[in-house]
Amino acid sequence: MEKYVLSLLVENNFGVLSRIAGLFARRGFNIDSLTVGKTENQKISRMTITVTGDQQVLEQIIKQLNKLIEVIKIVELTPKDSVNRELVFIKVKADNHTRCDIIAISNIFRANIIDISPNTLILQITGDEDKIEALMEMLSPFGILEFIRSGIIGLQRGDKVIHLSK
(Lines give C-alpha, C1' and ligand atoms only; values in the text may rest on other atoms or scores of the structure.)
Protein backbone atom coordinates (compact mmCIF):
# COMPACT_ATOMS: atom_id res chain seq x y z
CA MET A 1 0.00 0.00 0.00
CA GLU A 2 1.37 3.36 -1.05
CA LYS A 3 0.35 6.91 -0.27
CA TYR A 4 -0.64 9.00 -3.29
CA VAL A 5 -1.17 12.76 -3.43
CA LEU A 6 -3.53 14.07 -6.10
CA SER A 7 -3.89 17.72 -7.05
CA LEU A 8 -7.20 18.60 -8.68
CA LEU A 9 -8.43 21.76 -10.33
CA VAL A 10 -12.20 21.91 -9.91
CA GLU A 11 -14.92 24.41 -10.67
CA ASN A 12 -15.53 26.64 -7.66
CA ASN A 13 -19.22 25.72 -7.41
CA PHE A 14 -21.56 24.83 -4.60
CA GLY A 15 -21.59 21.07 -3.87
CA VAL A 16 -18.38 20.06 -5.68
CA LEU A 17 -16.67 18.96 -2.47
CA SER A 18 -19.74 16.94 -1.50
CA ARG A 19 -19.86 15.19 -4.88
CA ILE A 20 -16.18 14.28 -4.72
CA ALA A 21 -16.43 13.02 -1.14
CA GLY A 22 -19.55 11.06 -2.11
CA LEU A 23 -17.71 9.46 -5.02
CA PHE A 24 -15.03 8.18 -2.63
CA ALA A 25 -17.65 6.91 -0.16
CA ARG A 26 -19.70 5.10 -2.84
CA ARG A 27 -16.61 3.35 -4.19
CA GLY A 28 -15.30 2.41 -0.73
CA PHE A 29 -12.14 4.51 -1.04
CA ASN A 30 -10.80 6.26 2.05
CA ILE A 31 -9.48 9.82 1.95
CA ASP A 32 -6.42 10.18 4.21
CA SER A 33 -6.44 13.98 3.93
CA LEU A 34 -8.23 16.58 1.86
CA THR A 35 -7.56 20.28 1.52
CA VAL A 36 -9.44 22.76 -0.62
CA GLY A 37 -8.63 26.37 -1.38
CA LYS A 38 -9.01 29.20 -3.82
CA THR A 39 -6.61 29.63 -6.71
CA GLU A 40 -5.39 32.59 -8.74
CA ASN A 41 -8.65 32.20 -10.72
CA GLN A 42 -11.75 32.84 -8.59
CA LYS A 43 -13.80 30.38 -10.69
CA ILE A 44 -11.39 27.52 -9.89
CA SER A 45 -10.50 25.76 -6.63
CA ARG A 46 -7.58 23.43 -5.99
CA MET A 47 -8.07 20.23 -4.02
CA THR A 48 -5.25 18.14 -2.66
CA ILE A 49 -6.39 14.62 -1.83
CA THR A 50 -4.17 12.03 -0.16
CA VAL A 51 -5.17 8.38 -0.54
CA THR A 52 -3.60 5.05 0.32
CA GLY A 53 -3.76 2.03 -1.94
CA ASP A 54 -2.08 0.25 -4.79
CA GLN A 55 -1.62 1.41 -8.38
CA GLN A 56 -4.94 -0.15 -9.41
CA VAL A 57 -6.81 1.79 -6.70
CA LEU A 58 -5.11 5.01 -7.83
CA GLU A 59 -6.09 4.41 -11.46
CA GLN A 60 -9.70 3.69 -10.46
CA ILE A 61 -9.89 6.86 -8.33
CA ILE A 62 -8.55 8.99 -11.19
CA LYS A 63 -11.01 7.41 -13.68
CA GLN A 64 -13.94 8.06 -11.35
CA LEU A 65 -12.87 11.66 -10.63
CA ASN A 66 -12.50 12.37 -14.35
CA LYS A 67 -16.17 11.43 -14.82
CA LEU A 68 -17.27 14.39 -12.70
CA ILE A 69 -18.09 17.43 -14.83
CA GLU A 70 -16.65 19.87 -12.28
CA VAL A 71 -13.22 18.21 -12.26
CA ILE A 72 -11.05 20.14 -14.71
CA LYS A 73 -7.67 18.45 -14.27
CA ILE A 74 -5.99 15.84 -12.06
CA VAL A 75 -2.25 15.49 -11.48
CA GLU A 76 -0.45 13.04 -9.23
CA LEU A 77 2.10 14.90 -7.08
CA THR A 78 5.02 12.48 -6.82
CA PRO A 79 7.64 13.17 -4.12
CA LYS A 80 10.35 13.62 -6.75
CA ASP A 81 8.43 16.14 -8.87
CA SER A 82 6.56 18.17 -6.25
CA VAL A 83 6.80 20.09 -3.02
CA ASN A 84 4.38 18.91 -0.33
CA ARG A 85 3.83 20.33 3.13
CA GLU A 86 1.39 20.09 6.00
CA LEU A 87 0.54 22.57 8.75
CA VAL A 88 0.06 21.29 12.31
CA PHE A 89 -0.86 22.94 15.61
CA ILE A 90 0.16 20.95 18.71
CA LYS A 91 -0.96 21.81 22.24
CA VAL A 92 1.43 20.31 24.78
CA LYS A 93 1.54 20.39 28.59
CA ALA A 94 4.23 22.79 29.76
CA ASP A 95 5.03 23.90 33.28
CA ASN A 96 7.96 25.89 34.66
CA HIS A 97 10.13 22.75 34.73
CA THR A 98 9.43 21.48 31.19
CA ARG A 99 8.86 24.70 29.22
CA CYS A 100 12.56 25.27 28.38
CA ASP A 101 12.96 21.68 27.13
CA ILE A 102 9.89 21.98 24.91
CA ILE A 103 11.11 25.29 23.51
CA ALA A 104 14.53 23.75 22.76
CA ILE A 105 12.89 20.83 20.92
CA SER A 106 10.63 23.18 18.97
CA ASN A 107 13.66 25.24 17.91
CA ILE A 108 15.42 22.15 16.56
CA PHE A 109 12.36 21.36 14.41
CA ARG A 110 11.86 25.02 13.45
CA ALA A 111 8.41 24.99 15.04
CA ASN A 112 6.95 28.29 16.21
CA ILE A 113 5.32 28.86 19.56
CA ILE A 114 2.05 30.60 18.79
CA ASP A 115 0.38 30.54 22.21
CA ILE A 116 1.58 30.27 25.77
CA SER A 117 -0.29 29.81 29.02
CA PRO A 118 0.84 28.83 32.53
CA ASN A 119 0.22 25.14 31.76
CA THR A 120 0.44 24.77 27.97
CA LEU A 121 2.23 25.77 24.79
CA ILE A 122 0.78 25.65 21.29
CA LEU A 123 3.35 24.96 18.60
CA GLN A 124 2.95 25.47 14.86
CA ILE A 125 5.01 23.40 12.45
CA THR A 126 5.03 22.99 8.71
CA GLY A 127 6.80 20.18 6.95
CA ASP A 128 6.54 16.72 5.54
CA GLU A 129 4.97 13.82 7.39
CA ASP A 130 8.29 12.43 8.69
CA LYS A 131 9.30 15.76 10.27
CA ILE A 132 5.90 16.20 11.91
CA GLU A 133 5.85 12.63 13.24
CA ALA A 134 9.37 13.06 14.65
CA LEU A 135 8.35 16.22 16.52
CA MET A 136 5.21 14.54 17.86
CA GLU A 137 7.33 11.65 19.11
CA MET A 138 9.70 14.05 20.90
CA LEU A 139 6.80 15.96 22.49
CA SER A 140 4.83 12.89 23.51
CA PRO A 141 6.56 12.40 26.91
CA PHE A 142 5.53 15.93 27.93
CA GLY A 143 1.87 15.22 27.21
CA ILE A 144 0.24 16.21 23.94
CA LEU A 145 -3.20 17.49 24.87
CA GLU A 146 -4.50 17.90 21.33
CA PHE A 147 -3.41 18.62 17.78
CA ILE A 148 -4.86 19.48 14.40
CA ARG A 149 -3.37 18.72 10.99
CA SER A 150 -4.28 20.67 7.87
CA GLY A 151 -3.69 17.84 5.45
CA ILE A 152 -1.11 17.88 2.69
CA ILE A 153 -0.90 20.67 0.14
CA GLY A 154 1.49 20.63 -2.77
CA LEU A 155 2.59 22.02 -6.10
CA GLN A 156 4.65 20.60 -8.90
CA ARG A 157 8.28 21.69 -8.96
CA GLY A 158 9.79 24.05 -11.52
CA ASP A 159 7.88 25.30 -14.54
CA LYS A 160 5.21 22.59 -14.38
CA VAL A 161 1.68 23.92 -13.82
CA ILE A 162 -1.75 22.37 -14.06
CA HIS A 163 -3.42 23.89 -17.12
CA LEU A 164 -7.15 24.41 -17.32
CA SER A 165 -7.72 22.24 -20.40
CA LYS A 166 -9.11 18.77 -19.71
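This is a predicted model: local features need pLDDT of at least 70, side-chain atom pairs count only at pLDDT 80 or more; totals for chains, interfaces and linings use all residues.
## Starting with a definition

A residue is called buried when its relative accessible area is under 20%, exposed when that area is over 50%, and partly exposed in between. K67 has 62% relative accessibility, so it counts as exposed. Where does K67 sit? Its place is in the loop between helix 2 (55–66) and strand 4 (71–76).

## The chain as a whole

Reading from the N terminus, the elements follow the order β-α-β-β-α-β-β-α-β-β-α-β-β. If you draw a box around the C-alpha atoms along the principal axes, the sides come to roughly 55 × 30 × 30 Å.

How much of the chain is buried? Of the 166 residues, 39% count as buried. The chain exposes about 10,200 Å², and carbon and sulfur atoms supply 53% of that area. As for charge, there are 21 positive and 20 negative charges, and their mean positions are 7 Å apart.

Contacts tell you how the chain folds back on itself. Among those between residues at least 6 apart in sequence, 74% join residues at least 24 apart.

## Salt bridges across the fold

How many salt bridges does a search of the whole structure find? The search finds five. One of them joins K3 to E129, with the closest N and O atoms 3.1 Å apart. This pair links distant parts of the chain, since K3 is in strand 1 (residues 2–11), E129 is in helix 4 (residues 129–139), and 126 residues separate them. Both partners fall in the middle class of accessibility: K3 is partly exposed, with a relative accessible area of 41%, and E129 is partly exposed as well, at 35%.

## R149 and its two partners

Put together, E86, E133 and R149 are linked in a network of salt bridges. Are these residues buried or exposed, or something in between? R149 has a relative accessible area of 26%, so it is partly exposed. E133 is partly exposed too, at 37%. E86 has a relative accessible area of 10% and is therefore buried.

## L87 and a nonpolar patch

L87 is found in strand 5. It counts as partly exposed because its relative accessibility is 32%. Along with F89, I114 and I148, L87 makes a nonpolar surface patch of about 330 Å².

Which residues does L87 touch, not counting those up to four places away in sequence? They are Q124, I125, T126, I148, R149 and S150.

## R99, a buried arginine

Our last stop is R99, placed in helix 3 (residues 99–108). Is R99 buried or exposed? Its relative accessible area is 13%, so R99 is buried.

Leaving aside neighbours within four places in sequence, R99 is in contact with A94, I116, S117, P118, N119, T120 and L121. Take T120 from that list: R99 and T120 are 21 residues apart along the chain, and 8.5 Å separates their C-alpha atoms.

Technical notes:
Residues are numbered from 1 along each chain as its sequence is written. Side-chain values use heavy atoms; hydrogens and water are left out. Helices (H or I, at least four residues) and strands (E, at least two) are DSSP runs, numbered from the N terminus. Buried means under 20% relative accessible area, exposed over 50%, partly exposed in between (1.4 Å probe, protein chains only). A salt bridge is a side-chain nitrogen of Lys or Arg within 4 Å of a carboxyl oxygen of Asp or Glu. Contact means heavy atoms within 4.5 Å. Patches are made of residues with over 30% relative accessible area and no salt bridge: like charges are joined within 9 Å, nonpolar side chains (Val, Leu, Ile, Met, Phe, Trp, Tyr) within 5 Å. Accessible areas come from the Shrake-Rupley method with a 1.4 Å probe; for residues, only the protein chains shown count as cover. Lys and Arg count as positive and Asp and Glu as negative; His and the chain ends are not counted. The place of a charge is taken as NZ of Lys, CZ of Arg, CG of Asp or CD of Glu.
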